[in-house]
Amino acid sequence: MSDTLWVVVIVAGVLLLLTLVAAVVLLVRTVAVRRRIKAAGLPVNEFAFWGALLYVLSPVDLLPDPVYLDDIGVLLLALRALHASVPAGLRKSPAGTEPHE
């Protein structure tokens with residue numbers, strides 16, 4: 001193989017690895033958020049959580065499996081839905097700001 005082709009293969013491999021890491025981090029974060037919401041005794045958007053989990057683990061995807069962008073998008077939507085299920089007064093505010101009520 002030529003040097004240029006090797007560079008392309010290595011860059012593509014690194015990008016695929018980074019998207020996989022991002023998907024795994026978001027999956028772990030989604031599970032942790034659901035666990036914290038349930039531990040607080042708050043209602044959880046179960047459809048968003050289980051739907052995202054099934055989509056990520058399912059072999060059927062919108063994009064082929066080495067490309068995890070669709071999985072990342074689904075997990076981000078699930079995190080947003082879980083965040084929205086928590087009443088506004090109970091959400092953590094960013095550092096240095098007061099919660100909005």
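Reader: Where is the place of Val-9?

Author: In this predicted model, Val-9 sits in helix α1, which covers residues 3–39.

Reader: Why is Val-9 called partly exposed?

Author: Its relative accessible area is 38%. Buried would need under 20% and exposed over 50%, so a residue in between is partly exposed.

Reader: What makes the nonpolar surface patch that includes Val-9?

Author: The patch is made by Met-1, Leu-5, Trp-6, Val-7, Val-8, Val-9, Ile-10, Val-11, Val-14, Leu-15 and Leu-18, and amounts to about 1000 Å². Membership needs over 30% relative accessible area, and Val-9 has 38%.

Reader: How do you know that the length of helix α3 is close to the expected one?

Author: Helix α3 runs over residues 69–85, 17 residues in total. From first C-alpha to last it reaches 24 Å, and 24 Å is expected at 1.5 Å a residue.

Reader: Which residues of α3 are buried, and what covers them?

Author: Asp-70, Asp-71, Ile-72, Leu-75, Ala-78, Leu-79 and Leu-82 are buried. Their cover includes α1 and α2, the latter being residues 46–57.

Reader: Which residues in the largest nonpolar core touch the most other members?

Author: Leu-26, Val-33, Ile-37, Leu-75 and Leu-82 do, in a core of 16 residues. At least two core residues come from each of α1, α2 and α3. The most come from α3, which gives five.

Reader: What is Leu-26 in contact with, leaving aside neighbours within four places in sequence?

Author: Leu-26 is in contact with Ile-72, Leu-75, Leu-76 and Leu-79. Among them, Ile-72, Leu-75 and Leu-79 are buried residues of α3.

Terms used
Residues numbered from 1 in each chain as written. Predicted model: local features only at pLDDT ≥ 70, side-chain atom pairs only at ≥ 80, totals over all residues. Heavy atoms only, no water. Patch = residues over 30% accessible without salt bridge, like charges linked within 9 Å, V, L, I, M, F, W, Y side chains within 5 Å. Areas by Shrake-Rupley, 256 points an atom, 1.4 Å probe, with all protein chains shown as cover. Salt bridge = Lys/Arg side-chain N within 4 Å of Asp/Glu carboxyl O. Helix = DSSP H or I, 4+ residues; strand = E, 2+ residues; numbered from the N terminus. Buried < 20%, exposed > 50% of the residue type's maximum accessible area, 1.4 Å probe, protein only. Expected span 1.5 Å × (residues − 1). Contact = heavy atoms within 4.5 Å. Core = buried A, V, L, I, M, F, W, Y, C linked by side-chain atoms within 4.5 Å.
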